[in-house]
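Thanks for coming. I will walk through one structure today, starting with a single residue and then moving out to the whole chain.

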Amino acid sequence: VDANLNVDDACVNAFNRLKLTKDIRFIIFKVEGESQVIVERVGDLTSTYQDFVSSLPHNEPRFVVYDYEFRKDDGITSNKIVFIHWSPDNSSVKNKMIYASTKENLKRRFAGIHREVQACSVSEVEESEIVQALR
């Protein structure tokens with residue numbers, strides 16, 4: 001498995017838009033044709049966390065960047081960028097390997113990720129899990 005898949009420029013552009021322009025809530029990335037990483041879906045600011053979760057395929061891995069807004073213990077609202085490696089248990093071994101070997105190459109292109117979450121089941125992407133990871 002080639003860990004150096006081509007990362008489409010649209011991936012980096014979408015990430016920078018999420019980080020700098022802050023008009024995107026989340027981005028779902030997909031490995032297409034075992035040759036490149038592409039943007040599969042973009043969630044705008046009206047998108048909810050549940051919109052993101054329900055966009056995840058049940059049997060295929062994905063990478064997600066989520067700009068998560070939360071209230072800290074002192075009451076101040078903060079945003080943190082979370083990188084989520086979604087790799088459901090019922091994905092094919094081949095797909096899991098392709099995504100696992102591609103993850104670091106993709107993450108290197110995204111400066112400003114606060115936390116990484118590895119999720120193999122829907123319970124691991126529950127909002128409470130993300131909040132806990134950010135504390």
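What is the relative accessible area of Glu124, and does that make Glu124 buried, partly exposed or exposed? The figure is 32%, so Glu124 counts as partly exposed. Before I go further, please keep in mind that this is a predicted model.

Glu124 sits in the loop that runs between β6 (115–119) and α4 (127–134). On the surface, Glu124 belongs to a patch of negative charge, together with Asp89, Glu126 and Glu129.

Now the chain as a whole. The protein chain has four helices and six strands. Read from the N terminus, the order of the elements is β-α-β-β-α-β-β-α-β-α. Along the principal axes, the C-alpha atoms occupy a box of roughly 45 × 30 × 25 Å. The radius of gyration is 14 Å, which agrees with the value near 14 Å for a compact globule of 135 residues. Of those 135 residues, 41% are buried.

Phe29 is in strand β2 (residues 24–32), and because its relative accessibility is 0%, Phe29 counts as buried. The C-alpha atom of Phe29 is 8.3 Å from that of Val65, although 36 residues separate the two along the chain. The other is Leu56, in the loop between α2 (49–55) and β4 (62–71). Leu56 has 5% relative accessibility and is therefore buried. Leu56 and Trp86 are 30 residues apart along the chain, with 8.0 Å between their C-alpha atoms.

Next, salt bridges. Side chains of opposite charge can pair when their charged atoms come close. How many salt bridges does a search of the whole structure find? The search finds eight.

One of them joins Arg62 and Glu40, whose closest N and O atoms are 2.8 Å apart. Arg62 is in strand β4 and Glu40 in strand β3, so this pair ties together parts 22 residues apart in sequence. On accessibility, Arg62 is buried at 3%, while Glu40 is partly exposed at 36%.

Another salt bridge links Lys103 with Glu116, and here the closest N and O atoms are 2.7 Å apart. Lys103 lies in helix α3 (residues 93–108) and Glu116 in strand β6, so the pair ties together parts 13 residues apart in sequence. Lys103 is buried, with 15% relative accessibility, and Glu116 is partly exposed, with a relative accessible area of 31%. Glu116 also forms a salt bridge with Lys107, the closest N and O atoms being 2.4 Å apart. Through shared partners, Lys103, Glu104, Lys107 and Glu116 are joined by salt bridges into one network.

Last, two backbone details. Which residue has a positive phi of about 60° although it is not a glycine? That is Lys22, found in the loop between α1 (9–21) and β2. Lys22 is partly exposed, with a relative accessible area of 39%. Glu34, also not a glycine, has a positive phi near 55°. Glu34 is in the loop between β2 and β3 (36–44), and at 47% relative accessibility Glu34 counts as partly exposed.

Key:
Residues are numbered from 1 along each chain as its sequence is written. This is a predicted model: local features need pLDDT of at least 70, side-chain atom pairs count only at pLDDT 80 or more; totals for chains, interfaces and linings use all residues. Side-chain values use heavy atoms; hydrogens and water are left out. Patches are made of residues with over 30% relative accessible area and no salt bridge: like charges are joined within 9 Å, nonpolar side chains (Val, Leu, Ile, Met, Phe, Trp, Tyr) within 5 Å. Accessible areas come from the Shrake-Rupley method with a 1.4 Å probe; for residues, only the protein chains shown count as cover. A salt bridge is a side-chain nitrogen of Lys or Arg within 4 Å of a carboxyl oxygen of Asp or Glu. Lys and Arg count as positive and Asp and Glu as negative; His and the chain ends are not counted. The place of a charge is taken as NZ of Lys, CZ of Arg, CG of Asp or CD of Glu. Buried means under 20% relative accessible area, exposed over 50%, partly exposed in between (1.4 Å probe, protein chains only). The radius of gyration is taken over C-alpha atoms; the globule rule is 2.2 Å times the number of residues to the power 0.38.
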